[in-house]
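Hello,

Here is the structure I promised to pass on. Please open it first, then read the notes below.

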Amino acid sequence: MSAMNDGTTEAATPEEKAAARDATSWAKSVSRLNVSEVPEGAVNLNVEGRRLASPIQGFGKMWQKTYQARIPAERVSPTELIATWKQRFPEFWPEGNRFYGPLTGIAPGDVALITATLPGKMKLSTGVMVLFADEESFTLMTPEGHMFAGWITFSATSVGSETVVQAQVLMRASDPIFELGLALGGHRQEDRFWNETLTSVAAHFGQEATVDTQVVCVDKKRQWSKWRNVWQSSAIRSTLYTLGAPGRAVRRVFS
Amino acid sequence: MPEAATTFDVREVSETARAIDITGDVTAQSEEVLMDAYGRANAEGVAAIVLNFSGLDYMNSGGIGLLVTVLVRAQRQHQRVLAYGLSEHYRQIFELTRLDDAVGIHDSEDEALAAARAS
C-alpha cells in the first residue's frame with residue numbers, strides 16, 4: 001500500500017498486492033534448516049543444519065503422484081478446507097507416523113520434525129520445511145537425507161458442485177537405498193499413506209471419499225552423480241541411532 | 001482466486017537459443033500453456049532455452065514444480081535452461097528451492113545468451 005503525503009494511504013496497486021501476497025506466502029530464504037524446538041518424542045537427527053533438497057538434487061527416477069478426493073461443496077469450501085488442514089495437519093496422518101509441527105498450524109518457514117514408520121516397523125526420523133502456504137494450498141519441502149528429494153503440495157479447488165482436495169508429490173528418491181526401497185514396496189506404502197490421509201480429511205467433513213491416484217514418471221533416468229547422497233541417508237542414521245539406544249541408556253544411568 | 005492472463009511467448013534469439021517471455025502468473029494451472037511454449041521453443045538445433053521473467057506477476061509452488069518439469073524435458077534434449085528478469089524475491093525463491101543449481105540466473109538477456117554461447 002502506498003503512503004501519501006497527507007498521511008493517508010491509497011489503494012494498493014496490483015503489483016503491490018502481488019508483492020504482499022508473495023511476501024506472506026513463501027518461506028524466507030534459508031541456506032540450512034534450523035529447528036528451534038524439539039517436541040517431546042521427536043528426534044532432531046536428520047534436520048538441523050541440513051539444506052533443502054528439490055527433485056533436482058535427488059537420485060532416483062522422478063515421479064509426480066497426485067491423490068484426489070471429492071467432497072460436496074456444501075460441506076466445505078476450498079479455503080475452509082485448507083485452513084482446517086493447516087491447523088490440524090498432524091491429526092490426519094495415518095497411525096504410526098508423527099508430524100511434530102507448531103501448535104499454531106502450518107506457516108511458511110516452519111520446520112517440522114517427523115517420525116515415520118517404514119516397512120519392517122523401522123522408525124525413521126526426518127522432517128520438512130513449509131515452503132509455501134496460502135489460502136488455497138501449502139507445500140512441504142524435504143531436507144537432504146529424507147526418503148525423497150522434492151515437495152508435496154496440498155491444495156483444494158472448486159470443481160462444479162464439489163471441493164476437490166489434492167495432495168501432489170514431485171520427487172526423486174534421495175539415494176540408491178531409498179530408490180531400491182521405493183521399488184520394493186515403498187511406492188505402495190506412500191500411495192497408501194496419502195490415500196489414508198485424504199480419506200481422513202474427507203471424513204473430517206463427513207464424507208466417505210474414494211481417493212483417485214495418478215502416477216506419472218516425469219523422468220525415467222536416475223541421476224547417478226547423486227549417489228553420494230547416501231552419506232546423509234536418514235534411514236542409515238536413524239538405524240544407527242536406534243541401535244545405539246541401549247548404550248545411551250547405560251550412559252544416562254552412570255552420568 | 002481468478003487467474004491473471006498468463007502468456008508464454010516464444011522468440012528466436014539466436015540460431016541455437018529460444019526465449020520464452022513469461023507474462024502474468026505461473027501456477028499449476030499454467031501447465032498446458034507452458035508445456036506448449038516449450039514444445040514450440042524446442043526446435044531442432046536449439047541448445048538453450050532462456051526464460052524471461054521480466055513480466056512475471058506471481059508464482060506459487062505449483063509454478064516452481066512446472067519449471068522443474070520443463071528443466072527435465074530440456075535436459076533430455078541436452079539443452080541448457082537459463083533465466084533472467086527475476087525480481088530479488090524470486091531469485092531468493094530459486095535459491096531456496098535450489099532451482100539455481102540447474103538453471104543459470106542472469107541479469108539480462110544478453111548475459112544469458114553469452115552464458116549459453118560459452119557452454
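**What I found**

In chain B, 71% of the contacts with a separation of 6 or more join residues 24 or more positions apart. Please keep in mind that this is a predicted model.

**Confidence**

The model scores ipTM 0.88 and pTM 0.88. Chain B has a mean pLDDT of 93. In that chain, 97% of the residues reach 70 or more. Among its elements, strand β4 (residues 80–84) of chain B has the highest mean pLDDT, at 97. The lowest, 94, belongs to helix α4 (residues 109–118) of chain B.

**Chain B as a whole**

Chain B holds four helices and five strands. Their order along the sequence is β-β-α-β-α-β-α-β-α. The C-alpha trace of chain B spans about 40 × 25 × 20 Å along its principal axes.

**Helix α1 of chain B**

Look next at helix α1 (residues 31–41) of chain B. Its buried residues are B:L34, B:A37, B:Y38 and B:A41. They sit on the same side of α1(B), because they cover an arc of only 100 degrees around the axis. On the other side of α1(B), B:E32, B:D36 and B:G39 are exposed. What lies over the buried residues of α1(B)? The cover includes β1 (7–14), β2 (17–26), β3 and α2 of chain B.

**Where the chains meet**

The contact between the chains takes 20 residues from chain B and 26 residues from chain A. Three elements of chain B, β3 (48–59), α2 (61–76) and α3 (88–96), each supply at least two residues of the side that touches chain A. Which of them gives the most? That is α2(B), with six residues. By class, the side of chain B that touches chain A has eight nonpolar, eight polar and four charged residues.

**The largest nonpolar core**

The largest nonpolar core has 96 residues. A:M129, A:L198 and B:V50 touch the most other members. The largest share of this core comes from β3(B), with eight residues. Take A:L198 as one case. Leaving aside neighbours within four places in sequence, A:L198 is in contact with A:Y67, A:A69, A:V165, A:A167, A:A209 and A:V211.

**One residue in chain A**

A:T126 lies in strand β6 (residues 123–133) of chain A. Is A:T126 buried or exposed? A:T126 is buried, because 23 other C-beta atoms lie within 10 Å, and the cut-off for a buried residue is 20 or more. Not counting residues up to four places away in sequence, A:T126 touches A:N46, A:V47, A:I114, A:A116, A:H146 and A:S234. A:R252 is 126 residues from A:T126 along the chain, and their C-alpha atoms are separated by 24 Å.

Best wishes

Note on methods. Residues numbered from 1 in each chain as written. Chains lettered and ligands numbered in written order. Predicted model: local features only at pLDDT ≥ 70, side-chain atom pairs only at ≥ 80, totals over all residues. pLDDT = per-residue confidence, 0-100. Contact = placed C-beta atoms within 7 Å. Nonpolar A, V, L, I, M, F, W, Y, C, P; charged D, E, K, R; others polar. Core = buried A, V, L, I, M, F, W, Y, C linked by C-beta atoms within 7 Å. Buried ≥ 20, exposed ≤ 12 C-beta atoms within 10 Å, placed from the backbone. Arc of directions from axis to C-beta.
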